[in-house]
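Hi there,

Here is the structure I promised to pass on. Have a look at it first, and my notes follow just below.

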Amino acid sequence: MGCCTNHGDNAGRSTGPFAEGRELVEFVYQAHGGALRNKPLPGGGLVTVCQGCGTGFNLTTFVGKCPACGGVHAVSPPRSNDAANIQFAGAGYQLPEA
Ligand SMILES: [Zn+2]
């Protein structure tokens, strides 16, 4: 995995609200000391399709899991108006639960 990025994923581009994939998921998960991840998305959530298994579901919080496969998805506040901005942490990814 990690073979197919074609937009300069190198030094100088790390975590932040505009990161992608797992980096974005981890950024949102840890944002505000962990307070952001369970906050409801404005507008009642974003209807999306799991990027792991293809099941449609409604992402209702900034970090959420696919109900079918448990795939972790997240969106950052500046981009939470569009389901196209939802990032997927990757198949088999587990959140760093305390
Ligand atoms: Zn899934």
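For the terms: a residue is buried if 20 or more other C-beta atoms lie within 10 Å of its own, exposed if 12 or fewer, and partly exposed in between, with C-beta atoms placed from the backbone. You will find H32 in the loop between α1 and β1. H32 has a positive phi of about 55° although it is not a glycine.

Before the rest, some background on the model. This is a predicted model, in which local features need pLDDT of at least 70 and side-chain atom pairs count only at pLDDT 80 or more, while totals for chains, interfaces and linings use all residues. Residues are numbered from 1 along each chain as its sequence is written. The mean pLDDT (the predictor's confidence in each residue, from 0 to 100) is 88 for the chain, and 85% of the residues reach 70 or more. Please be careful with residues 1–11: pLDDT stays under 50 there, and the model has two contacts beyond four places in sequence for them. By contact I mean two residues whose C-beta atoms, placed from the backbone, lie within 7 Å.

Now the overall layout. The chain has one helix and five strands, in the order α-β-β-β-β-β along the sequence. Helices (H or I, at least four residues) and strands (E, at least two) are DSSP runs, numbered from the N terminus. Of the 98 residues in the chain, 26% count as buried. Among contacts with a separation of 6 or more, 40% come from residues 24 or more positions apart.

The helix comes next. Which residues of α1 are buried? In this helix, residues 21–30, they are L24, V25, E26 and V28. As a reminder, an α-helix has 3.6 residues a turn, so residues three or four places apart point the same way. The buried residues of α1 pack against β3 (63–65), β4 (72–74) and β5 (87–88).

Those three strands make an open sheet with the order β3-β4-β5 and antiparallel pairing. β3 and β5 are the edge strands, each with a single partner, so one side of each has no neighbour in the sheet. α1 packs on this sheet, and its direction makes about 75° with that of β4; the axes here are lines fitted to C-alpha atoms, for helices over the stretch in contact, and angles run from 0 to 180 degrees between N-to-C directions. Strands count as paired if DSSP finds at least two bridges between them, and β3 and β4 have three.

V63 counts as buried because it has 24 C-beta neighbours inside 10 Å. Leaving aside neighbours within four places in sequence, V63 is in contact with V25, V28, Y29, R37, V72 and A74.

A nonpolar core is a set of buried Ala, Val, Leu, Ile, Met, Phe, Trp, Tyr and Cys residues joined through C-beta atoms within 7 Å. The largest one has 14 residues, and those with the most contacts inside it are V25, V28, F62, V63, V72, A74 and V75. α1 and β4 each supply at least two residues of this core, with α1 giving the most, at three. In soluble globular proteins, nonpolar side chains tend to be buried together.

Finally, the other two strands to look at are β1 (residues 46–49) and β2 (residues 56–59). They run antiparallel, joined by four bridges, and form a hairpin with six residues between them. In the turn, G54 has a positive phi of about 85°. L46 stands opposite L59, and V47 stands opposite N58. Which face of β1 is covered and which uncovered? L46 and T48 are on the covered face, whereas V47 and V49 are on the uncovered one.
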